[in-house]
Amino acid sequence: MFVPRFFRPECDSAEATPVSSADPGWLDAVYSDEPLVTQFDEDPAATGGNPTSSSTAPDLMLRMLEVLDIDDGHNVLEIGTGTGYNAALLCHRLGDTLVTSIDVDESVTSAARDRLAHLGLFPAVITGDGAAGHPDNGPYDQIIATCAVRRIPSA
Ligand SMILES: C[S@@+](CC[C@H](N)C(=O)[O-])C[C@H]1O[C@@H](n2cnc3c(N)ncnc32)[C@H](O)[C@@H]1O
C-alpha cells in the first residue's frame with residue numbers, strides 16, 4: 001500500500017526502471033530490507049535524476065523507532081513523510097491525533113495523506129521545510145527525522 005512503485009537503478013543508464021505492483025519482483029523488493037527510491041527531483045514524472053524520496057530500509061526504520069522510545073500519550077513530529085509508512089506505524093502506536101508528519105515535497109505529502117486515509121488514519125501531514133519544525137502542533141515529546149540535514153536546525 002505504501003510503496004506502489006519504486007525505481008530500480010540501472011548500471012549503464014542514468015534512467016531508472018519503474019517497478020510497480022504489476023511487475024515481477026515488486027512485492028519481494030517491497031518486503032526486502034533495502035531502501036527503495038520512490039522519487040527523483042521532487043517530480044513524480046521523473047525516472048532519473050537526483051533521488052529525493054525513498055522508502056527507508058525497514059530494519060533502519062524499526063531501529064529508529066526503538067531509539068525514539070515513544071510512550072503512550074507522546075506527541076510526535078516526523079520530519080520526512082516519504083511513503084507515509086513510518087507515519088502509519090507511529091499512528092498505529094500512538095493514535096493519529098498525536099502524529100504530525102512534514103515533508104518538503106507536496107506530491108509526496110499528497111500521496112502519503114491519501115494512503116494513510118485509505119487505512120482510516122488521519123495524522124497531520126504537512127507540506128513544508130522540516131528544518132523549521134511545525135510549532136502549530138507542538139510541543140512535541142519526540143522528534144524523528146528521516147531525512148539528512150547538514151546541521152541540527154535550532155528549531
Ligand atoms: C528517506 S525519505 C522518508 C521515508 C519515510 N519516513 C517513509 O516512511 O517512507 C526522506 C524524505 O525527507 C524529505 N525531506 C528532505 N528534506 C526535507 C526537509 N528539509 N523537510 C521536510 N522533509 C524533507 C524528502 O522529500 C523525502 O520524502
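Predicted model: local features only at pLDDT ≥ 70, side-chain atom pairs only at ≥ 80, totals over all residues.

Modeller: In it, the 13 residues of α4 should span 18 Å at 1.5 Å a residue, and the end C-alpha atoms of α4 are 18 Å apart, so the two values agree.

Colleague: Which residues of α4 are called buried, and what makes them so?

Modeller: They are Val108, Thr109, Ala111, Ala112, Arg113, Arg115 and Leu116. A residue is called buried if 20 or more other C-beta atoms lie within 10 Å of its own, so each of these residues meets that cut-off.

Colleague: What do the buried residues of α4 pack against?

Modeller: Their partners are β3 (36–40), β4 (51–55), α3 (85–94), β6 and β7.

Colleague: What follows α4?

Modeller: Gly120 follows α4, and its phi is positive, near 80 degrees.

Colleague: How do you know that strands β6 and β7 pair?

Modeller: Pairing requires at least two bridges; 4 bridges join β6 (residues 99–103) to β7, so these strands pair, and they run parallel. Asp103 has Thr127 in β7 as its bridge partner. Helix α4 (residues 106–118) packs on the sheet, where it touches β6 and β7, and its direction makes about 165 degrees with that of β7.

Colleague: What is the order of the strands in this sheet, and why are β7 and β8 said to stand at its edges?

Modeller: The open sheet has 4 strands in the order β7-β6-β5-β8, with parallel pairing. β7 (124–127) and β8 (142–145) each have a single partner strand, so one side of each is left without a neighbour in the sheet. Neighbouring strands here are turned by 15 degrees against each other on average, direction ignored.

Colleague: Turning to the whole protein, how do you know whether its radius of gyration agrees with that of a compact globule?

Modeller: A compact globule of 155 residues would have a radius of gyration near 15 Å; the protein has 16 Å, which agrees. Its C-alpha trace spans about 45 × 30 × 25 Å along the principal axes. Of the 155 residues, 29% count as buried.

Colleague: How many helices and strands does the protein have, and in what order do they run?

Modeller: There are 4 helices and 8 strands. From the N terminus on, the order is β-β-α-β-β-α-β-α-β-α-β-β.

Key
Residues numbered from 1 in each chain as written. Axes fitted to C-alpha atoms, helices over the stretch in contact; angles between N-to-C directions. Contact = placed C-beta atoms within 7 Å. Expected span 1.5 Å × (residues − 1). Buried ≥ 20, exposed ≤ 12 C-beta atoms within 10 Å, placed from the backbone. Rg over C-alpha atoms; globule rule 2.2 N^0.38 Å.
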